[in-house]
Amino acid sequence: MRSLGNRWSPSSWSVRTRVTVTATLIVALLLVAGSLIFYQVVRYTVLEGLHDQGTHAITDLTTLVRTSDPRGQLSARDTEFTLLQVVSEDDVVLATSASLEDYGPLDVPLPRNPGRAVYRTLKIPGKGQVYLVTERVRTAGGWRIAHAATPIDEFNRYQGIFIGMLVGMSVVGTAAVGYIVSLSVRRALRPVRTMSGELAEITGRAPDRRVTVPGPADEVSELARSVNVTLGRLQDVLERQRGFVADVSHELRSPLTGLRAQLELALEHPEDEDWPVVARTALDNAERLHGIVSDLLILAKVGAGVEAGREPVDLASLVRSETARRTPRVPVELDVEEGVTVLATPHHIVRVLTNLLDNAERHAESWIRVTVTAEERDAVLEVLDDGAGIAPKDRERIFWRFHRLAESRDRDQAGTGLGLTISRDIARAHGGSLVAAESDRGARFVMRIPLDRSAAGGP
C-alpha cells in the first residue's frame, strides 16, 4: 500500500487539481491584496477626515486662547472634537470642556515648535481611544498648551467589522472561484478524457479507428485532429511494415524452397547426381539470399535514420573513379561539371551510382551517359541509356520493394528488386530525391541532392 505522502504528493495530482489549486491561490492572493489596499484606502480617507476636522478644531481653540486666554469651561459647538483642554506650562488646567471637567492635564509630550500642531491617537481613561491634536500657543500670560480631541472607539469598532467583512468576502470569493475553476477545467478536459478512453480501445486490430474531434474549434479539437493525423501515420507505418514482412517472406521463401528441394532431390539419389552442378546451383541461390539480406539491412538502416559519417563529396571525381573500375557491356559517356560538391556518406552515393549503372547496363543497347551538374542549390546526377525506356505508368512502381518489370526479370534473374528502392531511400535520407524522368529515348534517372554550400564558399 502506498503511503499517504506518496498518495498526496504534488506529482500525483491530476491536471484539474493542479489548475484549480493554482488558480485558487492566485485569486486568493489577489483578493487579499485587494482587500488590504481597499482597507488602507478607507482608513486613510477616515484619518484624513479626522486630520482636517482636528485642524479646524485646534485652529478655533488656539485663536480663542491667543485672544482671550480663557478660564473655566470651554464650549464645543459645531464640531466632533468635543474634548477640549487648555493647560499652562506648569501643568495647571486653565480651561476645559464639560466632557473633561474631572480630568487633569493630559499626559502627552509637549509640541517642540510653537504654532505647529501635533496629531496622535491615545487612550484617555473613561473616554477610550481618542484622536488628539495638540498645539503650543503664546499668550500675554505665558505659554499655553491647547488640546482638542474626539473619541474614535466607534471608528475602531466599525474598523473591526469592516476587516471581518473583507476577510469573509475574500474567503467566500476564493471558494467560489475555486469551484468555478474546477467545474470549468473538468468540462474543458472532458473531451481529453474521451480521447484517452478511445485511444485505450484502439489497438492493432482496429488501426482505422480515430478519436472524436470535439467542437467548437479550440486547442482541444486541434489536439484531437493532431492525434488522428498521428494515428493515420501509424496506420500507414503498420501497413507498410506488414507489406514489407509479406514481401520479404515471399522473396526469401522462393530461393530457400528451391535450395531445399534441390538438395533433398540430390540426396535421394546421390549416385546419379552431378555434385559440382548441384553445388553451383546451391551457391547461386545462396548468393541471391545474401543479396536480399544485404539489401534489407541497408533499407533498414536508411529507413531507421541511422546516422553515417558524412563528408564533402566531389560528384565528378566519384563518378569518374566508379565508372573507371567497371567493365561495362556498352560504352559509358561522361559529362560531369567540376566542383559539384555535396555533404554525403560516400559509400551510400557509390551505392546509388552503382545501382543506376547496373540498371542502365541491363537495358542499354549501345550507350550509357552519366551527367553531373549544379542547378541553383542542388547537385544533379543523371544516368541515361538508349534502351526500351520505362512506361509512364511504371515510373513509380519500379521504386517499390521487390517490384521488377518483366524485361528486368528476363535480363537478370538474380536481381533482388531492391536496388532502386534503396537508391531512392538514400537520396531522401540526404535531403534529396530520385525519379524516373521523361526521356526522348531509353530510361533517364535523375537524383538531386543539396549542394554543400560551405565547400562552394556560399553562405
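These are my notebook entries on a predicted model.

**Ground rules.** I number residues from 1 along each chain as its sequence is written. Since the model is predicted, local features need pLDDT of at least 70 and side-chain atom pairs count only at pLDDT 80 or more, while totals for chains, interfaces and linings use all residues; side-chain values use heavy atoms, with hydrogens and water left out.

**Confidence.** I looked up pLDDT, the predictor's confidence in each residue, from 0 to 100. The chain averages 79, and 83% of the residues score at least 70. Over residues 1-12 the pLDDT is below 50, and this stretch has 5 contacts in the model beyond near neighbours in sequence; a contact means heavy atoms within 4.5 Å. A reminder to myself: where pLDDT is low, the predicted coordinates should not be read in detail.

**Whole chain.** I found 9 helices and 13 strands. Helices (H or I, at least four residues) and strands (E, at least two) are DSSP runs, numbered from the N terminus. Of the 459 residues, 35% are buried; buried means under 20% relative accessible area, exposed over 50%, and partly exposed in between (1.4 Å probe, protein chains only). Among contacts with a separation of 6 or more, 60% join residues 24 or more positions apart. The chain exposes about 27,300 Å², of which carbon and sulfur atoms supply 56%. Accessible areas come from the Shrake-Rupley method with a 1.4 Å probe, and for residues only the protein chains shown count as cover.

**Helix 4.** Ser-221 is buried at a relative accessible area of 0%, and touches Val-213, Pro-214 and Pro-216 when residues up to four places away in sequence are not counted. Leu-223, also in helix 4, is partly exposed at 41% relative accessibility. Its C-alpha lies 8.8 Å from that of Val-192, 31 residues apart along the chain.

Helix 7 (residues 346-363) has 18 residues and reaches 26 Å from first C-alpha to last, close to the 26 Å expected; the expected span is 1.5 Å times one less than the number of residues. Its buried residues include His-348, Val-352, Leu-356 and Ala-360. Helix 9 (residues 419-429) is largely enclosed by the rest of the structure, because 8 of its 11 residues are buried. Among them are Leu-420, Ser-423 and Arg-424. Just after helix 9, Gly-431 takes a positive phi of about 80°.

**Salt bridges.** I counted 17, taking a salt bridge as a side-chain nitrogen of Lys or Arg within 4 Å of a carboxyl oxygen of Asp or Glu. Arg-136 pairs with Glu-89, with the closest N and O atoms 3.1 Å apart. This pair links distant parts of the chain, 47 residues apart: Arg-136 sits in strand 5 (residues 128-139) and Glu-89 in the loop between strand 2 (83-88) and strand 3 (93-97). Arg-136 is partly exposed at 22%, as is Glu-89 at 47%.

Arg-369 and Glu-333 also meet in a salt bridge (3.2 Å, N to O). Arg-369 lies in strand 10 (residues 368-375) and Glu-333 in strand 8 (residues 332-336), so the pair ties together parts 36 residues apart in sequence.

For Arg-325 and Glu-322 the N to O distance is 3.8 Å; Arg-325 is exposed at 61%, whereas Glu-322 is buried at 12%. I also noted a salt-bridge network linking Asp-69, Arg-71 and Arg-144.
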